[in-house]
Amino acid sequence: VHLMESGGGLAQSGGSLRLSCAADGYIFKITAMGWYRQAPGKQRELVAVISSDEPTRYGDSVKGRFTVSIDNAKNTGYLQMNSLKPEDTAVYYCNAHIRPSPNYEYEYWGQGTQVTVSS
């Protein structure tokens with residue numbers, strides 16, 4: 001399975017971007033898909049995660065501004081980012097827990113996409 005991210009780039013403060021994460025390969029079920037980010041000199045942090053078994057979660061700094069979703073028919077997840085702030089600048093990574101068959105589950109990471117928000 002391979003995760004391909006897209007949609008990153010440059011946005012102005014207050015603007016919007018939408019990230020996509022397409023999972024390609026033999027997929028029985030995506031049990032969870034999430035987004036993490038890492039800014040220079042900082043640890044990687046949770047942005048949002050959507051799961052088939054648990055409530056959707058958001059990092060405190062993005063609540064009310066970002067929305068995570070998944071299109072299971074397309075095996076693609078999305079992160080809609082509104083009201084962007086300069087402190088949202090980071091490399092954003094897609095993370096997915098995927099079952100290639102009913103009895104096995106693996107965790108995958110995307111390669112990361114840069115999001116830069118100018119003030």
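D60 and K63 are both exposed. In this predicted model, the two residues form a salt bridge, with their closest N and O atoms 3.1 Å apart. The structure holds five salt bridges, and the points below describe others among them.

**The exposed pair**
- The side chains of D60 and K63 take part in a salt bridge, and each of these residues is exposed.

**R37 and its partners**
- R37 meets E45 in a salt bridge between side chains, at 2.6 Å from N to O.
- R37 also forms a salt bridge with D88, where the closest N and O atoms lie 2.9 Å apart.
- This second pair links distant parts of the chain, since R37 belongs to strand β4 (residues 29–38) and D88 to the loop between β8 (76–81) and β9 (90–101), 51 residues apart.

**Burial of these residues**
- R37 has a relative accessible area of 5% and is therefore buried, the limit for this class being under 20%.
- D88 counts as buried because its relative accessibility is 0%.
- E45 has a relative accessible area of 34%, so this residue is partly exposed.

**The network**
- Which residues do salt bridges with shared partners join into one network? They are R37, E45, R65 and D88.
- Within this network, R37 is bridged to E45 and to D88.

Conventions: Residues are numbered from 1 along each chain as its sequence is written. This is a predicted model: local features need pLDDT of at least 70, side-chain atom pairs count only at pLDDT 80 or more; totals for chains, interfaces and linings use all residues. Side-chain values use heavy atoms; hydrogens and water are left out. A salt bridge is a side-chain nitrogen of Lys or Arg within 4 Å of a carboxyl oxygen of Asp or Glu. Buried means under 20% relative accessible area, exposed over 50%, partly exposed in between (1.4 Å probe, protein chains only). Helices (H or I, at least four residues) and strands (E, at least two) are DSSP runs, numbered from the N terminus.
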